[in-house]
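Here is my note on the model, as numbered points. Please read it beside the sequence and the structure.

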Amino acid sequence: MAKAGTAFLLYPILLAAFVLNCHSQEKQIHIVYLGDRPQADASTLASTHHRMLEGVLGSSVTARESLVYSYGRSFNGFAARLSEEEVETFSEMEGVISVLPNTILKLHTTRSWDFMGFTEPSYGWPSEEGEVIVGLIDTGIWPELDSFSDDGFGSPPAKWKGICQGPNFTCNNKLIGGRFYNSEGFYDVSDFKSPRDSEGHGTHTSSTAAGREIAGASYFGLAEGVARGGAPKARIATYKVCWFFGCASADILAAFDDAIADGVDIISVSLGFPFPLDYFEDPIAIGSFHAMKYGILTSNSAGNSGPFPATVSNFAPWSLTVAASTIDRKFIAQVALGNGDVYTGLSVSNFDLNGTSYPLIWGGEAANVSAGANSEIASFCFPGSLNSYKAEGKIILCDTLNDGAGILYANAIGAIMSDPDYTDFAFSYPVPATLLSPEDGLRIKNYIRSTDNPIATILVGEAWKDIMAPYVVSFSSRGPSPITPDILKPDITAPGVDILASWSPVAPPSIYYDDKRSVKFNIISGTSMSCPHVSGAAAYIKALHPNWSPAAIKSALMTTANIMDPKKNDDQEFAYGSGHLNPLNATEPGLVYDASEDDYINFLCKQGYNTTTLQLVTGDNSTCNSTKPGRAWDLNYPSFALAVEDNQQIRGVFTRTVTNVGSANSTYTARMYMSGLVSVSVYPSVLSFSAVGEKKSFSLNVYGPVIAQQPIVSGAIIWEDGIHVVRSPIVVYTVLPAAIRSGYSLNGRKPTFEGSSIYHKNGILGSN
């Protein structure tokens, strides 16, 4: 009997081992990254990639069947189906920088632009904007929406080399290109095999960045007004890499390869990895590096894993990392009880019960016992947990956030939910619903228990003014950078909460994945929404200053950002970087911190990359003058971060060079402020210029006592000429001794409810 019991216990272990062994022998898609594109056409590179595969796999036919992508338009590499042994062989091959698994990534307005003071100029949008192309790597786009109409647009810019790909998908002079990528070859029934968007996310980000002005936009009548993007006259090119199952890294790299070669000016990427990777093991960092080489700025979302520290994603210094913050509008829905008490919760709700009150019960009193639910399970109101005989026709009080599916299944009227984790942004639901604080939820539960016939109604949603805005929302990922503590990340914050923008009419308009209603505009939240705000602003700057480098545009956005209130943001610069986006001020920054490929190569040398690897990346004779890793203090970055090892003295010397892009004859004087714990000095403290484009250098000294376990201390250096204010934050904080050499690491995320909808795909609901 004992032997039989042992065999029973061992069976699942043996089965798991068998499955694991089979899985290890199965070929999986991997990216073989080879660096810069050599002087050869794409077909020649494809032949080279085929020969490399043939040499490892043993036959030409197998190599051809294995190859998924040949990257050769903008950089060098390929994606192929490889076994673990073949991955190891390629990893050890000369000329290969990295071999990366095909990881599945997550997806990371009527008011937001006005909130930032970026209204339509009195002279209209600049005609040069029509020469700017914004490429969005996302879920695709719904081309027939008014936001993407080409009425009044001329032909695409002459530099455009892209295509319009796929069946039942038409481009125009506004939406000038569309491509799609699916390396895994898996399609859900809801997916379109074209750049057409079935998820809504890419349509939303595209219209936020560069959608044209649409009057009367609203979500079922809520937030009605004029919706537009930051660069409404710019052109749009969509690169669909995300599907129902997620976004594959091989597809993302293929999209970068095409977007760069197609001729886009700005790349907007609202997705990212849920864990940190070295720069040349991260396809987004790789793609954005090569984009930078071609003069293209990549704007990235910071991620939705906040408020936990060191969770920021897309932290490469050559890209722009965007956090999410609130605007002065929030959406609420009130609950009125039979005793006259009224409670206010967060909800984007268009449902109108016309003031009619319905019986009110707690979910825990309506457990679906036949399905195995008890009172505790039913209190969460998850699908199948509620007894429809007791719940039908009633409003249900639920002890946590849910998507409303359980309410629908039980034929209930609506839901009053309470949850401590979602207090600063609103969801939309498929039923009348609102989300209260746990304290208010307990008060309503006490009302139910103390009343013979408790009743309630849920009022239709409203838009209220949020006088506390802007502040960084709780889900926005925080710094410091998990790889390079001396680079402050995120770079900037922008509106990412309750943003109204265009939406795919076949995508669910609420948190419930099976919501069959159809809308042309939707209100959602995420760093996915803040990223295209900055992308649009960058496109606007590019139109006015077409010769500016990616670093110059990035600097202009960062040094003109509005100062955020640290009293509203405990994490300070680790939450909001340089501050809140101010698109109008960014058009005339006065001075910029410019940087070239050589500057980033020097930075990478000090991060421990060797000459051989970097020559493959750059395709030239770049060399590291020293084999000893160093600090990142001399990268010409628009912010200053000093990571101090515990029990060490505060001491750092930063060198910077600024370029005059303001008045030809101008003199800038420095002023600084800092916490009393830290001292700062600058030399020289006065910079005089006699020409536009002239460069001047300065040194910033940061010093102070021995510190340990010190939270972030911050201040700023400000250069002023009487017209321009050029502000750069300075942060000092402590790290463990190994962190400066190996990166900052902390896994402090709290597990959260997992379910369906776009919010689970972007990491706001459920672990990212």
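1. Two strands are said to pair if DSSP finds at least two bridges between them. Strands (E, at least two residues) and helices (H or I, at least four) are DSSP runs, numbered from the N terminus. On these terms, strand β17 (residues 330–337) and strand β24 (residues 462–464) pair in the antiparallel sense over three bridges, and W464 in β24 is the bridge partner of K330.

2. This is a predicted model, in which local features need pLDDT of at least 70 and side-chain atom pairs count only at pLDDT 80 or more, while totals for chains, interfaces and linings use all residues. Residues are numbered from 1 along each chain as its sequence is written, and side-chain values use heavy atoms, with hydrogens and water left out.

3. β17 also pairs with strand β18 (residues 342–346), antiparallel, over five bridges. I332 stands opposite L346 of β18. The two strands β17 and β18 form a hairpin with four residues between them, and G340 in the turn has a positive phi of about 95 degrees.

4. Strand β23 (residues 455–458) is another antiparallel partner of β17, with three bridges. Here V335 stands opposite I458.

5. How many residues of β17 are buried? Seven of the eight are, so β17 is largely enclosed by the rest of the structure. Buried means under 20% relative accessible area, exposed over 50%, and partly exposed in between (1.4 Å probe, protein chains only).

6. L408 belongs to helix α11 (residues 405–409). L408 counts as partly exposed because its relative accessibility is 33%.
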